[in-house]
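Work through the exercises below with the sequence and the coordinates at hand. Each task is followed by a solution in steps.

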Amino acid sequence: ASDGSTPAVDIAHLTFAYVENQPVLHDLSLTIPQGAFFGIVGHTGSGKSTLLSLLLRFYPVAQGSIAINGVALDSIDNERFRADVGLVPQDPFLLAASARENIDMGRGYTQAQIEAAARAAHAHDFIAALEHGYDTPLGEGGSRLSSGQKQLIAIARALAGQPRILLLDEATSRIDSQTEQIVQLALNELRGKVTIIAIAHRLSTIREADRIIVLNHGRITEAGPHDAL
Ligand code: ATP
Ligand code: MG
């Protein structure tokens with residue numbers, strides 16, 4: 001259990017290398033309070049996705065440490081981890097199935113839970129406008145949706161699990177500016193309820209973030225609110 005003072009994410013002296021002696025993250029330390037909205041920016045190859053991969057336990061942490069809600073990453077059991085951490089990947093994978101099934105992903109949520117998640121992601125309106133609403137097939141790989149709508153479905157999918165931490169790797173593909181604003185709006189509304197770590201390719205997405213972390217060659221070079229950068 002954790003109280004409000006236990007950080008949601010605590011990274012200390014994290015150094016990580018894919019290839020021995022060629023670290024891509026250098027002595028990185030970062031504390032993210034419960035309910036905070038952090039944005040991460042940085043040029044290509046700066047280590048943004050690597051940091052997210054480590055948070056997701058895709059690779060073991062060999063040097064330094066990462067704790068989530070006060071518990072070391074490698075001692076959190078899988079079920080707890082899946083419940084606590086939600087991911088919106090850069091290129092979400094959509095099933096050739098209905099909107100409902102794409103949000104539910106076999107977890108057996110009720111329609112009310114699915115709709116609540118869709119509303120929080122601001123996906124409800126466009127889903128409700130489809131000819132069969134939540135039962136409308138989205139096509140192979142979500143082919144009948146725009147890339148922005150796919151991202152909103154992915155946000156709804158992540159939120160359905162009621163994660164305490166939401167990791168978002170913003171889509172690099174072209175997203176219409178209206179959808180972009182919707183993603184911004186959804187993130188802003190989640191502020192304080194969920195801890196958000198958003199990798200952004202567009203500064204506008206994280207305009208309202210509490211803090212923006214700038215990564216440069218695997219080091220944090222700047223951290224501050226939007227206006228200070
Ligand atoms: P982008 O904005 O292009 O997504 P990024 O900030 O996410 O970049 P990373 O993908 O974290 O950058 O890459 C950081 C460094 O690690 C780069 O030099 C990259 O070439 C290297 N790298 C990434 N993935 C691997 C891997 N699986 N094996 C070896 N090196 C990798
Ligand atoms: Mg990346």
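Predicted model: local features only at pLDDT ≥ 70, side-chain atom pairs only at ≥ 80, totals over all residues.

**Exercise 1.** Determine the strand order of the four-stranded open sheet and identify its edge strands.

Solution. Step 1: the order is β2-β1-β4-β5, and the pairing is antiparallel. Step 2: β2 and β5 (71–72) each pair on one side only, which places them at the edges. Step 3: take the pairs at the two ends of the order. Strand β1 (residues 9–17) and strand β2 (residues 23–32) run antiparallel and are joined by six bridges. Within this pair, Asp 10 is opposite Thr 31 of β2. At the other end, strand β4 (residues 63–68) is joined to β5 by two bridges, again antiparallel. Here Ile 68 has Val 71 in β5 as its bridge partner. Step 4: inspect the turn between β1 and β2. This hairpin has five residues between the strands, and Asn 21 adopts a positive phi near 65 degrees.

**Exercise 2.** Determine the strand order of the six-stranded open sheet and describe its pairing.

Solution. Step 1: the order reads β6-β7-β8-β3-β9-β10, with mixed pairing. Gly 86 has Leu 166 in β7 as its bridge partner.

**Exercise 3.** Which strands does α1 lie across, and at what angles does α1 run to β7 and to β2?

Solution. Step 1: α1 lies across β3 (37–42), β7, β8 (195–199) and β9 (211–216). The angle to β7 is about 150 degrees. Step 2: α1 also lies across β1, β2 and β4, and the angle to β2 is about 65 degrees.

**Exercise 4.** Classify the packing of α6 against α4 and against α7, from angle to residue classes.

Solution. Two packed helices are described by the angle between their axes and the distance between the axes.

Step 1: helix α4 (residues 111–120) packs on helix α6 (residues 147–160) at about 130 degrees, with the axes 8 Å apart. The two helices are therefore oblique to each other. The crossing of α4 and α6 is right-handed. Gln 113, Ile 114, Ala 117, Ala 118 and Ala 120 of α4 meet Ala 156, Leu 159 and Ala 160 of α6. By class, these are seven nonpolar residues, one polar and no charged.

Step 2: α6 packs on helix α7 (residues 177–190) at about 20 degrees, with the axes 9 Å apart. At that angle α6 is roughly parallel to α7. The crossing of α6 and α7 is left-handed. From α6, the contact involves Gly 148, Gln 149, Gln 151, Leu 152 and Ile 155; from α7, Thr 179, Glu 180, Ile 182, Val 183 and Ala 186. The classes are five nonpolar, four polar and one charged.

**Exercise 5.** Which residues surround ligand 1, and which helix gives the largest share of the shell?

Solution. Step 1: the surrounding residues are Tyr 18, Val 24, Gly 42, Thr 44, Gly 45, Ser 46, Gly 47, Lys 48, Ser 49 and Thr 50. Step 2: by class, the shell has two nonpolar, seven polar and one charged residues. Step 3: helix α1 (residues 48–55) provides the largest share, three residues.

Methods:
Residues numbered from 1 in each chain as written. Chains lettered and ligands numbered in written order. Pairing = 2+ DSSP bridges. Axes fitted to C-alpha atoms, helices over the stretch in contact; angles between N-to-C directions. Parallel < 35°, antiparallel > 145°, perpendicular 65-115°, else oblique. Left-handed = near helix turned anticlockwise from the far one by under 90°. Contact = placed C-beta atoms within 7 Å. Nonpolar A, V, L, I, M, F, W, Y, C, P; charged D, E, K, R; others polar. Near = placed C-beta within 6 Å.
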